[in-house]
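Visitor: I have a protein model to look at and some questions about its parts. Please take me through it.

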Amino acid sequence: MNAAEKQLRDMLTEGEQRLKDIEQRLRGSHSASFSEQAVEREGDEVDERLEESVTREIALIRFALERISSGEYQTCSSCGEEINEARLKALPYTTICINCAEKG
């Protein structure tokens, strides 16, 4: 296992644990007090957004692991050029090089 794959697997484990924690909070019991329920609902909305974000990140990490397996990890999916190693270290699940990212 190379360094990038290890980093991604560690990120995946961490993401899956965060997702489990968020889901547990969302399934937790709520207070009987109406004022406390309002605050809890606001917290639930934040957790729901976090859940969406973590779920997206997990999907990107899994896709990056697939790209490693297929040998495409360091190749930009847009232009076909090599993705700079510094970019992959900063954003290990990226699929595009910095030039394509800047073009937007």
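Visitor: Does Asp47 count as buried or exposed?

Guide: This is a predicted model, in which local features need pLDDT of at least 70, side-chain atom pairs count only at pLDDT 80 or more, and totals for chains, interfaces and linings use all residues. Residues are numbered from 1 along each chain as its sequence is written, and side-chain values use heavy atoms, with hydrogens and water left out. Buried means under 20% relative accessible area, exposed over 50%, and partly exposed in between, with a 1.4 Å probe and protein chains only. Asp47 has 10% relative accessibility, so the residue counts as buried.

Visitor: Which residues does Asp47 touch, not counting residues up to four places away in sequence?

Guide: Asp47 has its place in helix H2; helices (H or I, at least four residues) and strands (E, at least two) are DSSP runs, numbered from the N terminus. Contact means heavy atoms within 4.5 Å. Not counting residues up to four places away in sequence, Asp47 touches Ile22, Arg25 and Leu26.

Visitor: Which residues touch Glu5, not counting residues up to four places away in sequence?

Guide: Glu5 lies in helix H1 and, at 18% relative accessibility, counts as buried. Leaving out residues up to four places away in sequence, Glu5 touches Leu65 and Ile68.

Visitor: How far apart in space are Ile58 and Leu8, C-alpha to C-alpha?

Guide: Ile58 lies in helix H2 and is buried at 5% relative accessibility. Apart from neighbours within four places in sequence, Ile58 is in contact with Leu12, Gly15, Glu16 and Leu19. Ile58 and Leu8 are 50 residues apart in sequence, and their C-alpha to C-alpha distance is 9.6 Å.

Visitor: How far apart in space are Ser29 and Tyr93, C-alpha to C-alpha?

Guide: Ser29 is in the loop between H1 and H2. At 74% relative accessibility, Ser29 counts as exposed. Ser29 and Tyr93 are 64 residues apart in sequence, and the C-alpha to C-alpha distance is 35 Å.

Visitor: How many disulfides does the structure hold?

Guide: A disulfide is a pair of cysteine sulfur atoms within 2.5 Å. The sulfur of Cys76 has its closest cysteine sulfur in Cys100, at 3.7 Å, which is too far for a bond. The sulfur of Cys100 has its closest cysteine sulfur in Cys97, 3.7 Å away and also too far for a bond. The number of disulfides is 0.

Visitor: Is Cys76 buried or exposed, and what is its relative accessible area?

Guide: Cys100 is buried, with a relative accessible area of 11%. Cys76 is buried, and its relative accessible area is 3%.

Visitor: How do the residues lining the largest pocket divide into nonpolar, polar and charged?

Guide: On a 1 Å grid over the protein atoms alone, a pocket is an open set of points where a 1.4 Å probe fits, with protein on both sides within 12 Å along at least five of seven lines, and lining residues have an atom within 4 Å of a point. The lining is Asn2, Ala3, Ala4, Gln7, Ile68, Tyr73, Gln74, Glu85, Leu88 and Lys89. Ala, Val, Leu, Ile, Met, Phe, Trp, Tyr, Cys and Pro count as nonpolar, Asp, Glu, Lys and Arg as charged, and the others, Gly among them, as polar. The lining residues divide into 5 nonpolar, 3 polar and 2 charged.
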